[in-house]
Amino acid sequence: LIVKFLKSPVRHSLHSFILNVDHDIIRVFREALNGPAGRQTKRGHFLEPDFWKSANANLPHNKNVRKALGMEDMARYLLSWGAFGQKQIPPHYWLEYLNCNEQRRVDLLEILHAS
């Protein structure tokens, strides 16, 4: 009842908030990810062994979510990621951004994609 009371018409569509690939803000962001800070972050994440064989405190949570969704533990349909930065990324994804994410975040993307 409260939600229906708070309901209001949308003034702008979602597409009006999404920037084009060639927009200056996007270009600057991607350049920053390819710059020294992004390369340093990528280098650190590419040294990580496999998240699934680690003692990371978040691993049980990821496994429980996968189990609840009926996903196999090692199912990596979207990015085929692995230890030491291994990934197979579709061409329309931002390689620069995904390379700056730790394996746990990449696994969360896999979970979100499957759900």
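Arg76 is found in the loop between α4 (59-69) and α5, where helices (H or I, at least four residues) are DSSP runs numbered from the N terminus. The model is predicted, so local features need pLDDT of at least 70 and side-chain atom pairs count only at pLDDT 80 or more, while totals for chains, interfaces and linings use all residues. Residues are numbered from 1 along each chain as its sequence is written, and side-chain values use heavy atoms, with hydrogens and water left out.

**Arg76 and its surroundings**

- Arg76 counts as buried because its relative accessibility is 12%; buried means under 20% relative accessible area, exposed over 50%, and partly exposed in between (1.4 Å probe, protein chains only).
- The side chain of Arg76 reaches the backbone oxygen of Trp81 at 2.8 Å.
- Not counting residues up to four places away in sequence, Arg76 touches Asp50, Trp52, Trp81, Gly82 and Glu110, contact being defined as heavy atoms within 4.5 Å.

**Nonpolar core**

- The largest nonpolar core has eight residues in all: Phe51, Trp52, Leu59, Leu78, Leu79, Trp81, Leu98 and Val106.
- Such a core is a set of buried Ala, Val, Leu, Ile, Met, Phe, Trp, Tyr and Cys residues joined through side-chain atoms within 4.5 Å.
- Leu78, one of the core residues, is in contact with Gln88, Pro90, Tyr93, Leu109, Glu110 and His113, leaving aside its neighbours within four places in sequence.

**Asn99**

- Asn99 is found in helix α5, which spans residues 95-99.
- With a relative accessibility of 7%, Asn99 counts as buried.
- Leaving aside neighbours within four places in sequence, Asn99 has contacts with Lys42, His45, Phe46 and Lys87.

**Salt bridges**

- The count comes to five salt bridges, each being a side-chain nitrogen of Lys or Arg within 4 Å of a carboxyl oxygen of Asp or Glu.
- Elsewhere, salt bridges that share partners join Asp24, Arg27 and Glu31 into one network.
- Arg27 counts as partly exposed at 40% relative accessibility, and Glu31 is partly exposed with a relative accessible area of 46%.

**Surface patch**

- Ile2, Phe5 and Leu6 form a nonpolar patch on the surface, with about 420 Å² of accessible area together.
- Patches are made of residues with over 30% relative accessible area and no salt bridge, with like charges joined within 9 Å and nonpolar side chains (Val, Leu, Ile, Met, Phe, Trp, Tyr) within 5 Å; accessible areas come from the Shrake-Rupley method with a 1.4 Å probe, and for residues only the protein chains shown count as cover.
- Ile2 is found in helix α1 (residues 2-6) and counts as exposed because its relative accessibility is 66%.

How values were computed. Helices (H or I, at least four residues) and strands (E, at least two) are DSSP runs, numbered from the N terminus. A polar contact is a pair of N or O atoms within 3.5 Å; within protein, one must be able to donate a hydrogen and the other to accept it, and residues adjacent in sequence count only if both atoms are side-chain atoms.
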